[in-house]
Amino acid sequence: MAAPLTVEEIRRQVAALGPWFHNLDLNGVMTAPDHFLGDYPCVKWRRFAEALPCDLSGLSVLDIGCNAGFYSLEMKRRGAARVVGIDSDKTYLRQARFAAGVCGLDIDFRNLSVYDVARLGERFDIVLFMGVLYHLRHPLLALDLIREHVAGDLLVFQCMLRGSMEVEPVAEDADFFDATPFERPSYPRLHFIEQRYAGDPTNWWTPNRACVEAMLRSSGFAIAGHPEEEVYLCRCAGAPAGEGAVYPARGGEI
């Protein structure tokens with residue numbers, strides 16, 4: 001067994017693997033101490049951590065868009081039997097594997113995108129989908145694929161929200177000639193960003209609260225909790241709504 005890295009060795013590796021988006025504490029070495037959101041994502045995690053079981057013994061967890069692995073590490077620390085973290089960015093995965101090694105945690109990190117989840121070939125007790133939706137060109141497809149292929153019970157979902165936080169009742173049908181619902185700020189809205197937002201060219205969408213909740217329901221999830229402004233706890237419900245959703249592969253019965 002290799003000797004644990006010294007603080008100076010960790011510091012050098014952190015610098016070599018940077019820049020980091022997740023601010024992780026690796027034996028006293030912070031990976032992103034100057035993060036513009038503060039101690040992120042720990043500052044977010046503290047606001048909803050108690051909504052999840054403290055003991056995840058025997059459970060499997062999938063962390064989609066795991067970045068440097070903050071939430072994967074937290075799930076393993078709570079005793080999850082199996083944690084798989086996926087990300088399309090190999091730089092983030094190198095960071096995640098290094099962080100897990102420093103922390104002595106056995107986590108399976110793979111280079112996959114949310115659109116590839118069918119390739120995993122299994123369902124997970126808990127699926128984390130944190131801060132990913134607004135980075136996707138095809139957000140509703142991503143939710144459909146998660147429901148179709150990997151969600152076994154609980155989806156923990158987080159998304160940047162902009163616009164109204166009000167959620168108004170929406171009629172099941174509407175008169176074609178009545179455009180007034182679309183003028184109300186609390187009607188479900190998914191704002192498209194053609195160029196950049198906060199300097200990031202991968203920020204494609206900013207939904208309001210009503211939109212996020214409607215999208216989750218439409219993809220076959222029932223909202224069971226809302227412990228933090230941007231965080232939802234969802235259970236698998238019926239099949240996704242509508243016809244003609246595009247899938248790279250069909251899963252089993254849902």
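**Reading contacts, cores and cysteines**

User: Leaving aside its neighbours within four places in sequence, which residues is W20 in contact with?

Analyst: Contact means that heavy atoms lie within 4.5 Å. By this reading, W20 is in contact with V14, L26, T31, A32, A68, Q95 and F98. Please note that this is a predicted model, in which local features need pLDDT of at least 70, side-chain atom pairs count only at pLDDT 80 or more, and totals for chains, interfaces and linings use all residues. Residues are numbered from 1 along each chain as its sequence is written, and side-chain values use heavy atoms, with hydrogens and water left out.

User: Which members of the largest nonpolar core touch the most other members?

Analyst: A nonpolar core is a set of buried Ala, Val, Leu, Ile, Met, Phe, Trp, Tyr and Cys residues joined through side-chain atoms within 4.5 Å. Buried means under 20% relative accessible area, exposed means over 50%, and partly exposed lies in between (1.4 Å probe, protein chains only). Here the largest core has 39 residues, and W20, L26 and V156 touch the most other members. Among the elements that each supply at least two of its residues are α1 (7-17), β6 (124-130), β7 (151-158) and β11 (231-236). The largest share, 6 residues, comes from α4. A second, separate core holds 33 residues, including L136, L143, V150 and V212. The element names follow DSSP runs numbered from the N terminus: helices (H or I) have at least four residues and strands (E) at least two.

User: Where is G69 placed, and is G69 buried or exposed?

Analyst: G69 sits in the loop between β3 and α3 (70-77). Because its relative accessible area is 0%, G69 is classed as buried. Not counting residues up to four places away in sequence, G69 touches H22, A96 and F109.

User: How many disulfides does the structure hold?

Analyst: A disulfide is a pair of cysteine sulfur atoms within 2.5 Å. The structure holds 0 disulfides. For C103, which is in no disulfide, the nearest cysteine sulfur is that of C42, 13 Å away.

User: Are C103 and C211 buried or partly exposed?

Analyst: C103 has 26% relative accessibility, so C103 counts as partly exposed. C211 has 7% and therefore counts as buried.
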